Amino acid sequence: MPKDPEPAVLPGPWWFAANEVLAFLLELAALALLSWWGFSTGENVLLRVALGVGVPLAAIALWGLFAAPKARLRPALPCVLLVKALVLGGSAVALYALGHHVAAIVLAVVVVVNTAVAETFRRTPTGRTEPPASL
């Protein structure tokens, strides 16, 4: 009797899994960039620490409530995209404010493409989220 194949960690085509990994890495980078910006901004040490810790914590709270795959309050797509724009777009703006203009533009383009691909293929016409079938 043939043995059933092991289930894939992320079912679907390889590019879907790669895009999901990239999305996760962009989310981590966003937190690091927001923290870097916070610690680099401000007139005194107390403000820098407050921004360096507070801005990423606010981003984590927003993401966890509205944009995470298992978010407590999963609103309609426009609201999810707004939260993603605030967090991920905010990281590109933070990078730009830190003086890394070309890197910020590249980051913004990668974020837009990644989010568009992810949201397009995560959603089915019925509104359930599931990965696309293999091609």
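This is a predicted model: local features need pLDDT of at least 70, side-chain atom pairs count only at pLDDT 80 or more; totals for chains, interfaces and linings use all residues.

Student: How are two packed helices described?

Tutor: They are described by the angle between their axes and the distance between the axes. Axes are lines fitted to C-alpha atoms, for helices over the stretch in contact, and angles run from 0 to 180 degrees between N-to-C directions. Here, helix α1 (residues 14-40) packs on α2 at about 155°, with the axes 6 Å apart. α1 is therefore roughly antiparallel to α2; angles under 35 degrees count as roughly parallel, over 145 as roughly antiparallel, 65 to 115 as roughly perpendicular and the rest as oblique.

Student: What is the handedness of the crossing of α1 and α2?

Tutor: A crossing is left-handed if the near helix is turned anticlockwise from the far one by less than a right angle, and right-handed if clockwise. The crossing of α1 and α2 is right-handed. Its residues divide into twelve nonpolar, four polar and two charged. In this classification Ala, Val, Leu, Ile, Met, Phe, Trp, Tyr, Cys and Pro count as nonpolar, Asp, Glu, Lys and Arg as charged, and the others, Gly among them, as polar.

Student: At what angle do the axes of α2 and α3 cross?

Tutor: Helix α2 (residues 45-67) and helix α3 (residues 77-97) cross at roughly 160°, their axes coming within 10 Å. The two are therefore roughly antiparallel to each other, and their crossing is left-handed. Contact means heavy atoms within 4.5 Å; on that basis Ala59, Leu62, Trp63, Phe66 and Ala67 in α2 meet Val80, Val83, Lys84, Val87 and Leu88 in α3. By class, this contact has nine nonpolar, no polar and one charged residues.

Student: Is Val87 buried or exposed?

Tutor: Buried means under 20% relative accessible area, exposed over 50%, and partly exposed in between (1.4 Å probe, protein chains only). Val87 is in helix α3 and counts as buried because its relative accessibility is 7%. Beyond its neighbours within four places in sequence, Val87 is in contact with Ala30, Leu34, Ala59 and Trp63. In the chain of 135 residues, buried residues make up 27%.

Student: How many salt bridges does the structure hold, and which residues form a salt bridge?

Tutor: A salt bridge is a side-chain nitrogen of Lys or Arg within 4 Å of a carboxyl oxygen of Asp or Glu. The structure holds one: Lys84 pairs with Glu119, with the closest N and O atoms 2.6 Å apart. Because Lys84 lies in helix α3 and Glu119 in helix α4 (residues 101-122), the pair ties together parts that are 35 residues apart in sequence. Lys84 and Glu119 are buried.

Terms used. Residues are numbered from 1 along each chain as its sequence is written. Side-chain values use heavy atoms; hydrogens and water are left out. Helices (H or I, at least four residues) and strands (E, at least two) are DSSP runs, numbered from the N terminus.
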